[in-house]
Amino acid sequence: MLLGCIGDDFTGSSDLANTLVKSGMATTQYCGVPQGRADAGVEAGVVALKTRSIAPGEAVAQSLAALDWLREQGCRQFFFKYCSTFDSTPQGNIGPVAEALVKALGAEKVIVCPAFPATGRTIYQGHLFVGDRLLSESGMEAHPLTPMTDPDIRRWLQHQTALPVGHVGFSDVLRGAAAIGGALTRQQAQGHTLVVVDAVQDEDLFAIGEAAADLPLITGGSGVALGLPENFRRKGLIGNRDVQWKAIEGPGAVLSGSCSRATRAQVAHYRAGHPFLEIKADALMSGDMTLAAAAAWLQQNLDGAPLVFSSADPEEVGRAQKRYGTEELAGRIEAFFAGLAAQVRALGVKRLVSAGGETSGAVVQGLACEALQVGPEIDPGVPMLRLGDEDFGLALKSGNFGSEDFFSKALAMLEGR
């Protein structure tokens, strides 16, 4: 294994795995820290964790455990992957985890770059944009767990870490890899360990990746990993691999817990032509909605590729959080979807789409899988996945990713259509 990756959620990890596979790197996504050794043919290992919204100390502990395992596999470089909208609070967890990895690896200059131009995430003058809007005006300011109210990534990250945060501006990025490398060295000389790097197009990300060829640690969204495989290819360590996918037949279903604008539009589009069951917070917390009841409904509607969702608008979510407590409500919903994923599998579903980072983490836990094979891309940032060697296909979609018809498209592609 050459490249060792640590993801703070499951959808982001599959996004990163997708980027590496498209670049010709033999990649496996692991569901948590594995117990044994990786297969000999794995060139990039992505350890998917569920650490985005847990206590910072626990996020650090899990991330360091993943780092230890990846180091044991012989990795030469490490990548800490977080969301392209930098989902975090002023307390963490991006800063605390990055700081712990810096200390463990002895890194002296570390790129921070959540940009993903293919999905509209760009960084200019240290500020993160979503499309033509600042992050704080994109809808992310209303996120139920990690509201992003400041688009200045330098300032937001500095709240989270004692390490000094610097910046490489777009004028240096435009001049290519050598200029970026020089700017990183200047930032290091000024005492900055974590360095936010601007990027507005894929060409910038390839240049940043080339500049990072000899750095022990890189952090960012999946986009900045675009240029990393080529570094290993230049050294003759990897070749090019084609993505293979064997179609999966059998019933399909969709589970959605994201409250993002994109996912709510996808839910509205899909429910117009398929059976659906909405999980309301009050019904779940009161016990009126149970796992057994939802499983029974699914069984009755399997022929229609049913949808189960809790994707309410932010105002409704906010009211529910005030009634029941943010952590208590989130925990109950995640436990429900984890249990439902296990039920879906027991009912004979073979193709499953999950929407939302926290939801997808719960779904993968419910499926009790150890590793995922990465297949072709469905939409930017979302690949098809297979549970090990089983005949079970999966798509894990970050809340803001995917076209309006993503759910039906993903089910069709998993089936080979």
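Which strand supplies the largest share of the lining of the second largest pocket? I looked this up, and the answer is S16, with five residues.

**Ground rules.** I am working with a predicted model, in which local features need pLDDT of at least 70 and side-chain atom pairs count only at pLDDT 80 or more, while totals for chains, interfaces and linings use all residues. Residues are numbered from 1 along each chain as its sequence is written, and side-chain values use heavy atoms, with hydrogens and water left out.

**Pocket.** I noted a volume of about 720 Å³ for the second largest pocket. A pocket here is an open set of points on a 1 Å grid over the protein atoms alone, where a 1.4 Å probe fits, with protein on both sides within 12 Å along at least five of seven lines; lining residues have an atom within 4 Å of a point. Grid points are joined across faces, edges and corners, and the volume is the space filled by probe spheres set on the points. The lining holds 32 residues, and Thr27, Thr28, Val42, Leu372 and Gln373 lie nearest the centre. S2 (27-31) and S16 each give at least two lining residues. By class I have 14 nonpolar, 10 polar and eight charged residues. In this count Ala, Val, Leu, Ile, Met, Phe, Trp, Tyr, Cys and Pro are nonpolar, Asp, Glu, Lys and Arg are charged, and the others, Gly among them, are polar.

I followed S16 (residues 371-379) onward and found it paired antiparallel with S17 over five bridges. Strands are DSSP runs of E with at least two residues, helices are runs of H or I with at least four, and both are numbered from the N terminus. Two strands pair if DSSP finds at least two bridges between them. Valine 374 faces leucine 385 of S17. The S16-S17 hairpin has two residues between its strands, and glycine 381 there has a positive phi near 90°. All six residues of S17 (382-387) are buried, meaning under 20% relative accessible area (1.4 Å probe, protein chains only; over 50% is exposed, in between partly exposed). S17 also runs antiparallel to S18 (393-397), joined by two bridges, and arginine 386 has glycine 393 as its bridge partner. The S17-S18 hairpin has five residues between its strands, with glycine 388 in the turn at a positive phi of about 55°.

**Arginine 52.** I placed arginine 52 in the loop between S3 (44-48) and H2 (56-72). Is it buried or exposed? Arginine 52 is buried, at 9% relative accessible area. Beyond neighbours within four places in sequence, its contacts (heavy atoms within 4.5 Å) include Asp8, Tyr82, Asp87 and Glu358. Its side chain makes a polar contact of 3.3 Å with that of aspartate 9. A polar contact is a pair of N or O atoms within 3.5 Å; within protein, one must be able to donate a hydrogen and the other to accept it, and residues adjacent in sequence count only if both atoms are side-chain atoms.

**Threonine 161.** I found threonine 161 in the loop between H4 (153-160) and S9 (165-168). Threonine 161 is buried, at 7%. Leaving aside neighbours within four places in sequence, threonine 161 touches Gly95, Glu99 and Leu194.
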